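Here is a short walk through one protein chain. Keep the sequence and the 3D view side by side.

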Amino acid sequence: MNEWKPEWNKRLAGPPFNERRFKAEMMEEVEKRLTAVEMKRTRRGWRRFAVAIVPAILLLLGVGIWFGSQEVPSNPHPGAPSPDTQGGGAFEPSFLLGTGGDFDWWNLAKNEIKQANDRTIVTLTEALLQRELGIWGGPSPDIWEHPEVKWPLDRYDVSSPWVYEVHVKEINAEEAQTVYRLRLLLRDSIPMMYEETIDVTIRNDSHRISLIEQIDIDETGAPLDGIKVGDEQGNTVILREDTEIGLKMTGTLIQKEGTIRSIHVQYGDTEHTFHDWKNVSNETYYPDVALLPAKNNKEDVLAIILTTGYGTGIRESELKLLTESFREVMSADPVLSVKSKLSYKATAEAGKRIFQFMLDGVTRTFEYKEEDAGFWLDQPALGNIVRYYVEGGTLYASVPIQVSPGEFPVAVRLRYEYDGTAFLVSEVLFEEM
């Protein structure tokens with residue numbers, strides 16, 4: 001701050017400041033004027049606030065009064081009952097035909113707000129895409145009319161095949177129920193990509209699934225009426241009979257397809273038709289059946305091994321595991337289990353092919369002449385042949401390793417153990433072919 005200079009006193013004493021600038025009465029007058037100015041400022045601030053805020057408040061009040069005066073109709077579509085009204089007629093779905101996709105699509109916000117039957121379809125589809133059926137008990141909240149309704153979907157749970165896309169193909173809205181035809185795109189462990197079609201029937205009053213049917217389709221995606229799942233055309237054949245354990249298996253022969261479908265299982269006092277099961281019609285490949293005895297106070301499990309395809313270097317098998325109450329038990333995919341543990345090296349040198357396989361610290365090496373095969377696979381293949389079998393009450397799977405169309409140098413054997421919920425792989429070893 002600058003210091004006071006003496007000559008400033010002289011300047012202040014001269015005109016126009018020939019007297020003292022402030023006297024006591026002058027200070028009182030200034031204080032009065034300051035008080036008055038402050039009051040004016042306060043009143044001016046309130047006036048500004050009123051000018052800005054009061055019209056906005058009045059506008060909001062006016063809009064609210066206007067909306068309040070409008071009558072909200074209890075039913076916006078006279079004559080068309082609300083979808084959520086029990087017994088109120090056909091439900092009106094909001095899905096557009098052909099829409100769908102992977103989990104990210106079904107998890108979009110626009111699908112999360114679906115209601116009634118559409119909400120059930122979203123819940124079911126997300127469970128399919130996340131493989132949460134079967135072993136995990138199904139999605140929550142409960143969307144099933146009866147627990148056994150979901151049986152045809154259990155195979156999409158933790159083992160091959162698995163669903164990676166779902167599309168809404170058709171919707172048939174009826175008075176009491178709505179039927180959604182869904183197109184499922186699947187992968188399996190070979191790997192292959194293909195599609196299947198299911199009809200999901202939902203009751204309009206409870207919004208729960210009352211029926212699931214698998215629909216066979218041709219290469220164009222059209223249903224094959226001649227061999228529709230559940231159709232009893234064709235002769236009934238006996239696939240397996242074992243009086244010792246009280247088992248009988250039958251199925252419907254579809255001659256032109258070379259398969260047996262809609263397999264009916266009688267086991268003890270329980271019986272059920274599994275419409276999605278199939279087996280080749282060649283009697284040599286009829287299903288194998290074995291009983292896996294209970295261990296550690298767990299229930300017995302019936303193992304049924306189906307053959308769904310065969311040929312040169314190919315044998316496709318499916319394992320079905322049932323409890324006495326016909327609850328289907330899941331098992332770990334043997335091909336995926338082998339892939340997670342097996343490593344290999346393949347080299348070509350001086351007219352030779354050398355393959356080296358490593359599994360849990362064990363190494364096996366195989367050497368071939370270049371001309372031993374018409375062509376060699378770029379990398380060893382797993383899954384073209386999978387063989388399940390039971391020895392001494394224990395479940396095993398054998399997965400041969402393929403290096404050419406006709407060469408399988410070695411196989412991997414997997415031993416399973418039942419933990420009360422599923423059969424899990426407890427050991428993997430090399431085995432001779």
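Is Leu 253 buried or exposed? The model is a predicted one. In it, Leu 253 has a relative accessible area of 16%. Buried means under 20%, so Leu 253 counts as buried. Look for Leu 253 in strand 7, which covers residues 247–254. Then find Ile 263. Ten residues separate Leu 253 from Ile 263 in sequence, and their C-alpha atoms lie 9.8 Å apart in space.

Now step back to the whole chain. The protein chain has 433 residues, and 39% of them count as buried. Its secondary structure comprises six helices and 21 strands. Take the contacts between residues at least 6 apart in sequence: 46% of these join residues at least 24 apart. The chain exposes about 25,200 Å². Carbon and sulfur atoms supply 52% of that area.

Next, the interior. In soluble globular proteins, nonpolar side chains tend to be buried together. Here the largest nonpolar core has 33 residues. Those with the most contacts inside this core are Leu 321, Leu 342, Phe 357, Ile 401, Phe 423 and Phe 430. Several elements give two or more residues to it, among them helix 6 (334–341), strand 11 (301–311), strand 19 (394–402) and strand 21 (422–431). Which element gives the largest share of this core? Strand 20 does, with five residues.

Neighbours within four places in sequence are left aside here. Leu 321 is then in contact with Leu 292, Val 301, Leu 302 and Ala 303, as well as with residues including Arg 327, Glu 328, Val 329, Met 330 and Ser 331. Leu 395 and Phe 423 also belong to the contacts of Leu 321. A second, separate core has 29 residues, including Phe 91, Phe 95, Ile 121 and Ala 127.

Two backbone angles deserve a check. Phe 326 is not a glycine, yet its phi is positive, about 70 degrees. Phe 326 sits in the loop between strand 12 (314–323) and strand 13 (328–331). Is Phe 326 buried or exposed? Its relative accessible area is 1%, so Phe 326 is buried. Ala 116 also has a positive phi without being a glycine, at about 55 degrees. Ala 116 lies in helix 5, which spans residues 116–129. With a relative accessible area of 11%, Ala 116 is buried.

Move on to His 167. This residue is found in strand 2, residues 162–173. Its relative accessibility is 13%, so His 167 counts as buried.

The largest share, six residues, comes from strand 9. How do the lining residues of the second largest pocket divide into nonpolar, polar and charged? Eight are nonpolar, five are polar and four are charged.

Terms used:
Residues are numbered from 1 along each chain as its sequence is written. This is a predicted model: local features need pLDDT of at least 70, side-chain atom pairs count only at pLDDT 80 or more; totals for chains, interfaces and linings use all residues. Side-chain values use heavy atoms; hydrogens and water are left out. Helices (H or I, at least four residues) and strands (E, at least two) are DSSP runs, numbered from the N terminus. Buried means under 20% relative accessible area, exposed over 50%, partly exposed in between (1.4 Å probe, protein chains only). Contact means heavy atoms within 4.5 Å. Accessible areas come from the Shrake-Rupley method with a 1.4 Å probe; for residues, only the protein chains shown count as cover. A nonpolar core is a set of buried Ala, Val, Leu, Ile, Met, Phe, Trp, Tyr and Cys residues joined through side-chain atoms within 4.5 Å. Ala, Val, Leu, Ile, Met, Phe, Trp, Tyr, Cys and Pro count as nonpolar, Asp, Glu, Lys and Arg as charged, and the others, Gly among them, as polar.
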